[in-house]
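Have a look at the picture first.

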Amino acid sequence: MSQIEKIIRSVIDPETLNSISDLGFIREVKEENNKVMITLTPPTFWCPPTFLYMILEDLRDKLRRNYSEVYIEIIGHHDGERLSKCINNGLKFEECYRGEIIKGEYEELKRRFKERFERGKSNNLVKLSLEVTGEICKLLAEERRRREGG
């Protein structure tokens, strides 16, 4: 497994606790001269921007540790252009959605999902719930790729 594959595999969807690789988010990866461009598509057009931004921040931050230039493009999402622009300009979620979200709400949501992640490691009911959600997400991604011919 290459360095970039390991990085991508380490990025976890906060809703399912599955790797974005396993969930079929990644559409294309271009790597050249210490630069990387990743195109991704969430499983659904209406994936909540909050959860998607958590994924994008994690992906961007991990890639920047290893590459001098990082560009992430989101396609097939209702707010993909905006999210792409914000994440590539280094904006925080609250800056990207200024005036549309309550201050501190995003960070609180991230904190709660981190706690759930920790609980999911040991609580069988939480683990089962996340596995079911992950499987549904995988099925949605597979169906989307099938419909789009990819």
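E69 forms a salt bridge with K35, and their closest N and O atoms are 3.8 Å apart. (A salt bridge here is a side-chain nitrogen of Lys or Arg within 4 Å of a carboxyl oxygen of Asp or Glu.) This pair links distant parts of the chain: E69 sits in strand β3 (residues 69-74), K35 sits in strand β2 (residues 35-40), and the two are 34 residues apart. Strands (E, at least two residues) and helices (H or I, at least four) are DSSP runs, numbered from the N terminus.

How open are the two partners? E69 has 43% relative accessibility, so it counts as partly exposed, and K35 is partly exposed too, at 39%. On this scale, buried means under 20% relative accessible area, exposed means over 50%, and partly exposed is in between (1.4 Å probe, protein chains only).

A quick word on where this comes from: the model is predicted, so local features need pLDDT of at least 70 and side-chain atom pairs count only at pLDDT 80 or more, while totals for chains, interfaces and linings use all residues. Residues are numbered from 1 along each chain as its sequence is written, and side-chain values use heavy atoms, with hydrogens and water left out.

How many salt bridges does a search of the whole structure find? It turns up 12. One of them joins the side chains of E28 and K30, at 3.8 Å from N to O. E28 is partly exposed at 37%, and K30 is partly exposed at 44%.

Over in helix α5, R112 and E108 lie 4 residues apart, about one turn of the helix. Their side chains meet in a salt bridge of 3.1 Å, N to O. E108 comes out as partly exposed, with 29% relative accessibility.

P42 has its place in the loop between β2 and α2. Is P42 buried or exposed? With a relative accessible area of 1%, P42 is buried.

Who are its partners? Leaving aside neighbours within four places in sequence, P42 is in contact (heavy atoms within 4.5 Å) with F25, C47, L52, I74, I75, G76, H77 and R144. E105 is another matter: its C-alpha atom is separated from that of P42 by 22 Å, and the two residues are 63 apart along the chain.

## Empty spaces

Rolling a probe the size of a water molecule over the atoms shows where empty space is left. On a 1 Å grid over the protein atoms alone, a cavity is a set of points where a 1.4 Å probe fits but cannot get out, and a pocket is an open set with protein on both sides within 12 Å along at least five of seven lines; lining residues have an atom within 4 Å of a point. Grid points are joined across faces, edges and corners, and a volume is the space filled by probe spheres set on the points.

The whole structure has 1 cavity of 30 Å³ or more. P42 is back again, as the lining of the largest cavity is G24, R27, T41, P42, P43, A141, R144 and R145. Helix α6 (residues 124-148) gives the largest share of that lining, 3 residues.

The largest pocket holds about 460 Å³ of space. It is lined by 16 residues, and I12, M54, D58, K110 and K114 lie nearest its centre. Both α2 (49-64) and α5 (105-122) supply at least two residues of this lining.
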